[in-house]
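Subject: Structure handover

Hello,

Here is the structure for your files. My notes follow below.

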Amino acid sequence: MSILLHHPNVSPAAQAVLGWATADDGFWVADHRGAFAGTIDQQGRHFFVRNGFGEYIGDYRTFRAAQTALTDRVLRVRAAPSC
């Protein structure tokens, strides 16, 4: 189930690829096909993004930019050839 609460600027691309849930005020959790994909943590005017392994992706000025960064990372990792 994909749920997004408390944020009106949800990117259509991010909705299509990732499911979103609000875990707490200013903290969103993403899943990709049922697997944990990462988080967005809002601290003041900054949105900090981490992938599903807790690795730091970046600091963004908007929620939409943070969503796009995580979505792009998930797509890039999923498209990479397996070793």
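Strand 3 (residues 35-43) and strand 4 run antiparallel and are joined by 6 bridges. Helices (H or I, at least four residues) and strands (E, at least two) are DSSP runs, numbered from the N terminus. Strands count as paired if DSSP finds at least two bridges between them.

Two notes on the source. This is a predicted model: local features need pLDDT of at least 70, side-chain atom pairs count only at pLDDT 80 or more, and totals for chains, interfaces and linings use all residues. Residues are numbered from 1 along each chain as its sequence is written, and side-chain values use heavy atoms, with hydrogens and water left out.

Back to strands 3 and 4. Gln43 sits opposite His46 of strand 4. The two strands make a hairpin with 2 residues between them. In that turn, Gly44 has a positive phi of about 65 degrees.

Strand 4 spans residues 46-51. Its covered face holds Phe47, Val49 and Asn51. His46, Phe48 and Arg50 lie on the uncovered one.

On to strand 5 (residues 56-60). Strand 4 runs antiparallel to strand 5, with 4 bridges joining them. Phe47 stands opposite Tyr60 in strand 5. This hairpin has 4 residues between the strands, and Gly54 takes a positive phi near 85 degrees.

What is the order of the strands in the open sheet? It is 1-2-3-4-5, for 5 strands with antiparallel pairing. Strand 1 (19-24) and strand 5 are the edge strands, and each pairs on one side only.

Best wishes

Terms used:
Buried < 20%, exposed > 50% of the residue type's maximum accessible area, 1.4 Å probe, protein only.
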